[in-house]
Amino acid sequence: LASVSLITALAALPLHSTDFEVHRNWLAITHSLPVSKWYHENTSEWTLDYPPLFAWFEYSLSHVAQHFDKEMLVVQNLLYTSPATILFQRLSVIVTDIVFIYAVKECCRSVREEKGSKDLLGHPFFILAALLLWNFGLLIVDHIHFQYNGFLFGILLLSVARHLQGRHLEGALLFTVLLNLKHIYLYIAPAYGIFLLRSYCFTEDNTDGSVRWSSFSPVRLVALGSIVISVGALSFGPFIAMGQLPQVLSRLFPFKRGLCHAYWAPNVWALYNMVDKALSVLGVRLKLLDVAKLPKASMTGGLVQEFQHSILPSVSPSITLICTLLSIMVMLSIWCRPRGARGFLRCLVVCALGSFMFGWHVHEKAILMAILPFSILAVESREDAGIFLMLTTTGHYSLFPLLFTAAELPIKVLLMLLFTLYSFTSLKKLFRGSLLNPLETTYLLGLVAVEILCEVVYPLSPWQHTMPFVPLLVTSVYCSLGVCYSFIRLYVSLLRQHGTDKHKQL
């Protein structure tokens, strides 16, 4: 009841982001135009760029939307924001969150209970439910900023739960549906592919844990292939039949958008950009570089989509792909030593975080793809709980720039404080002791200083008008350090487990 009350209160706020117009436009496109024009329509700059299955999801919503306000379904009504339109969009997110709530219930059923106390509030399953249902990032991204991530992450978590329960075909089906709803989940597709091939298509292991090649089941491989092909055919089939597959793919993978999003996601490329900017400024100050010959965006434009590096080599999509693949190579450990569905879950988190760290044009919201599944491991392992607190606190704070108005400031600060305090106190009680070392604690306290600098000090400075991008830059770079650190710790822990398994076999 408290959750519903909070979400309803947030829905009533007269706040709406650009994504309201994005999804309103998609409702209009799918409702008003024939299917053949969905991926060609460009009246609005917010063209349809999700996979076809999500387009059909918008089409379904549009038939309910027409009972609220038919004008929102007119393609030419750009920036249309009637009260009825905002109400419908808010309600649609809340209703579709039912999928997320059910998925959380299934994940909680799969949690190991040995570390739980007799107190209900101290049980791992209760803590997990709170960490997922009250996840700060999901609350602000969906119910203030506005998107349907709860619905999508619900399908992901339900898929993970099915694998934890040994229901692998259901898990594969759910993930295939998810891929056809939002292609960003390609980030974690390698973890799914390797796990299902190793632990489902091969039915037995040797005594040393290695794969028994003779146990390969062609029937199971065909079953998996049938799921992928059938769902893909339902989603893309009509567009393939109309000869529009290249057009659809060009919308799904717009590589011309640049290395970084308008606000740099806190990853390796944010640090790379910062080093490049620092070197260019230093070069100009030392009169080693001619400012007139430097790319304008890198010196005076601040944070833009098209980023041309001044000193360091510019990064191409192929380079980011190579770096991403190298960063997730550790997931091959689930082929050598599967460690069950939890080994898969750990590799899924590494895969999501590696793609976030090195991917092309990564959105800051993609950090939730690692944080939410990692919550399951955080209530089962002391080491994972410590990494989780670092990642979730840093990752959630990196979402602050999404809510930039004065009215949103107290809301985001209060919600994050509540979630962070609960995360620290509940996990500390569960594992009976501190989970962070002094250096980690000091870094996280530094987020308070960053917030004061960005929200209080810098707006009062004379540089606010000449260099308005500095608060975003500081937030992105500082959070990048924490996310990178969390990724390295998680990576090392996975390597250590793999090494321990090999040692035991010896």
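Figure 1. The largest nonpolar core takes in 143 residues, and the ones with the most contacts inside it are F153, Y185, I188, Y192, I367, L368 and L427. Helix α17 supplies the largest share of this core, with 13 residues. A nonpolar core here is a set of buried Ala, Val, Leu, Ile, Met, Phe, Trp, Tyr and Cys residues joined through side-chain atoms within 4.5 Å; buried means under 20% relative accessible area, exposed over 50%, and partly exposed in between (1.4 Å probe, protein chains only). This is a predicted model, where local features need pLDDT of at least 70 and side-chain atom pairs count only at pLDDT 80 or more, while totals for chains, interfaces and linings use all residues. Residues are numbered from 1 along each chain as its sequence is written, and side-chain values use heavy atoms, with hydrogens and water left out.

**Figure 2. Zooming in on L368.** Leaving aside residues up to four places away in sequence, L368 touches N135, G137, L138, V141, F153, P373, H396 and L399. Contact means heavy atoms within 4.5 Å. One of these partners, F153, is listed with L368 among the core residues with the most contacts.

**Figure 3. Helix α10 against helix α17.** The axes of α10 (residues 189-201) and α17 (residues 340-358) come within 8 Å and cross at roughly 155°. That makes α10 roughly antiparallel to α17 (angles under 35 degrees count as roughly parallel, over 145 as roughly antiparallel, 65 to 115 as roughly perpendicular and the rest as oblique). Axes are lines fitted to C-alpha atoms, for helices over the stretch in contact, with angles running from 0 to 180 degrees between N-to-C directions. The crossing is right-handed, that is, the near helix is turned clockwise from the far one by less than a right angle. On the α10 side, look for P190, A191, Y192 and F195; on the α17 side, G340, A341, F344, C347, L348 and C351. Sorted by class, these residues are nine nonpolar, one polar and no charged. Ala, Val, Leu, Ile, Met, Phe, Trp, Tyr, Cys and Pro count as nonpolar, Asp, Glu, Lys and Arg as charged, and the others, Gly among them, as polar.

**Figure 4. Helix α15 against helix α17.** Here α15 (residues 317-327) packs on α17 at an angle of about 150°, with the axes 9 Å apart. The two helices are therefore roughly antiparallel, and their crossing is right-handed. T320, C323, T324 and S327 of α15 meet V350, G354, S355 and F358 of α17. This contact has three nonpolar, five polar and no charged residues.

**Figure 5. Helix α6 under cover.** Seven of the 10 residues of α6 (residues 124-133) are buried: P124, I127, L128, A129, A130, L131 and L132. Their cover includes α5 (98-109), α8 (149-164), α18, α19 (382-397) and α20 (409-431). Across the whole protein chain there are 23 helices and zero strands; helices (H or I, at least four residues) and strands (E, at least two) are DSSP runs, numbered from the N terminus.

**Figure 6. Two loop residues with positive phi.** Most residues other than glycine have a negative phi. L79 has phi near 60° and sits in the loop between α3 (52-65) and α4 (83-96), where L79 is exposed at 65% relative accessible area. H361 has phi near 50° and lies in the loop between α17 and α18 (368-378), but H361 is buried, at 9% relative accessibility.
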